[in-house]
Amino acid sequence: MRAFILGLMSTAALCCGAAQAQQKTLYVAAYGGSFEQTMRKEIIPAFEQKHGVKVEYVAGNSTDNLAKLQAQRGNQQIDVVILDDGPMYQAVALGFCADLAKAPVYDELYDLARIPSGKAVNVGAVGTGFVYNKKMFEENGWPAPASWNDIKDPKYKKKLVIPPINNSYGLHALVMMARLNGGGEKNIEPGFKEFAGTINPNVLAYEPSPGKMTELFQSGQAAIAVWGSGRAKALADTGFPAAFVYPKEGGILLASAACPIAGSKNAAEAQQFVQHMLMPDAQTSLAVSAGFGPVNKTVTLPTEKQAGIPYGPEQIAKLMVVDWDTINANREAWNKRWTREIER
């Protein structure tokens with residue numbers, strides 16, 4: 001009888017331990033909008049089932065989630081963060097990211113995916129260009145936008161939407177205005193001059209929220225925006241007549257990067273989640289449902305699913321890159337100046 005009772009106690013203990021393991025919660029901070037929906041519906045459930053972990057999704061743009069990491073320094077509540085490439089370089093420099101654990105999936109990635117520090121990895125790629133309301137353009141007899149300089153055209157007065165420069169899309173626009181007017185990342189002055197003088201009158205809103213940006217298009221208030229190929233695809237997938245084009249001067253690469261947070265209470269699971277994001281199934285979901293070009297070389301998409309995203313090394317190579325080291329060294333000052341002079 002004693003042996004029987006001990007056996008029951010042992011079984012109960014094992015069951016309790018298993019239940020506790022299943023109740024472990026992993027906090028993942030990443031974007032809202034179509035990216036969040038794809039994560040919740042297609043990527044997170046497979047991870048939860050495989051690893052017996054509950055994932056809590058913390059939605060926010062890259063700036064907001066980087067601020068959360070800074071506010072929680074020394075007592076991190078986030079286990080994995082997914083940010084635009086620029087803010088991710090900041091997160092690494094600030095010591096928020098742990099070293100990536102070795103795993104076979106990393107050998108399947110394009111060089112584009114690798115971040116030199118070894119503390120973060122790009123999990124998807126989009127390009128910054130123009131999203132526009134194709135129906136509205138046709139009704140007005142407007143040609144499709146073709147150049148970065150087109151956003152200065154007065155016919156777009158109060159019809160243009162651009163995220164602020166604490167968002168990568170807005171920052172890309174500022175950099176391109178500087179580059180096209182004799183400056184660049186190391187001389188941003190021409191960019192600010194163009195925004196203050198000729199672009200501002202056209203701007204309906206400097207809108208950071210993907211959801212609100214979508215609403216501005218769907219309500220007929222916005223005709224054109226500086227936005228990403230992935231966002232354009234998500235908007236078009238709703239049935240809205242959204243079209244996307246790279247300006248003739250070139251689009252700009254915007255990578256989405258993930259890192260396991262240093263000091264995470266769920267370090268092993270955080271590493272596993274980052275690796276999960278790079279697996280072919282997850283990469284395919286990000287491409288098809290959220291419009292992120294896959295960084296895993298083994299992913300093969302049907303022809304009809306390739307439209308609107310950077311797909312394959314040739315397309316990715318055509319996108320321009322920005323100097324994040326210079327940008328991040330000056331970004332705080334630029335943000336303050338932007339608030340003071342542009343977005344008043």
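Start by selecting Lys158, which is partly exposed, with a relative accessible area of 44%; that class lies between buried (under 20% relative accessible area) and exposed (over 50%), using a 1.4 Å probe and protein chains only. Lys158 sits in the loop between helix H5 (134–140) and strand S5 (160–161). Helices here are DSSP runs of H or I with at least four residues, strands are runs of E with at least two, and both are numbered from the N terminus. Check the backbone too: Lys158 is not a glycine, yet its phi is positive, about 60°.

Two notes before moving on. You are looking at a predicted model, in which local features need pLDDT of at least 70 and side-chain atom pairs count only at pLDDT 80 or more, while totals for chains, interfaces and linings use all residues. Residues are numbered from 1 along each chain as its sequence is written, and side-chain values use heavy atoms, with hydrogens and water left out.

**Stop two: the disulfide**

Now select Cys97 and Cys259. They form a disulfide, with their sulfur atoms 2.2 Å apart; the cut-off for calling one is a pair of cysteine sulfur atoms within 2.5 Å. The structure holds one disulfide. Which parts of the chain does the pair link? Distant ones: Cys97 is in the loop between helix H4 (85–93) and strand S4 (121–133), and Cys259 is in strand S9 (residues 252–260), 162 residues apart. Are its two ends buried or exposed? Cys97 is buried at a relative accessible area of 4%, and Cys259 is buried at 0%.

Ser256 counts as buried because its relative accessibility is 1%. Show its surroundings, where contact means heavy atoms within 4.5 Å. Leaving out residues up to four places away in sequence, Ser256 touches Tyr31, Phe35, Ile82, Leu83, Val121, Asn122, Val123, Gly124 and Phe292.

Colour strand S3 (residues 80–84) next. Five of the five residues of S3 are buried, so the strand is largely enclosed by the rest of the structure.

**Stop four: strand S1 and its neighbours**

From S3, step across to S1. Two bridges join S1 to S3, and the two run parallel. Select Val28 and you will find Val80 of S3 opposite. With S2, the count is six bridges: strand S1 (residues 25–30) and strand S2 (residues 54–59) also run parallel. Here Ala29 stands opposite Val58 in S2.

What handedness does the unit of S1, H2 and S2 have? These elements make a right-handed β-α-β unit, meaning that, with the strands pointing away from the viewer, the path from the first strand over the helix to the second runs clockwise. Turn the view that way to follow the path.

**Stop five: Met39 in helix H2**

Helix H2 (residues 33–51) holds Met39. Met39 counts as buried because its relative accessibility is 0%. Beyond residues up to four places away in sequence, Met39 touches Ile44, Pro45, Tyr57, Ile82, Phe273 and Met277. Met39 and Ala282 are 243 residues apart in sequence, but their C-alpha atoms are 8.8 Å apart in space.

**Last stop: helix H10**

Finally, select helix H10 (residues 267–278). Its twelve residues reach 18 Å from first C-alpha to last, close to the 16 Å expected from 1.5 Å times one less than the number of residues. H10 is mostly covered, with nine of its twelve residues buried; among them are Phe273, Met277 and His276.

Zoom in on His276, which counts as buried at 15% relative accessibility. Its side chain reaches the backbone oxygen of Ile43 at 3.0 Å. With residues up to four places away in sequence left out, His276 touches Ile43, Ala46, Phe47 and Ala282.

Conventions:
Polar contact = N/O pair within 3.5 Å; in protein donor to acceptor, adjacent residues only side chain to side chain. Pairing = 2+ DSSP bridges.
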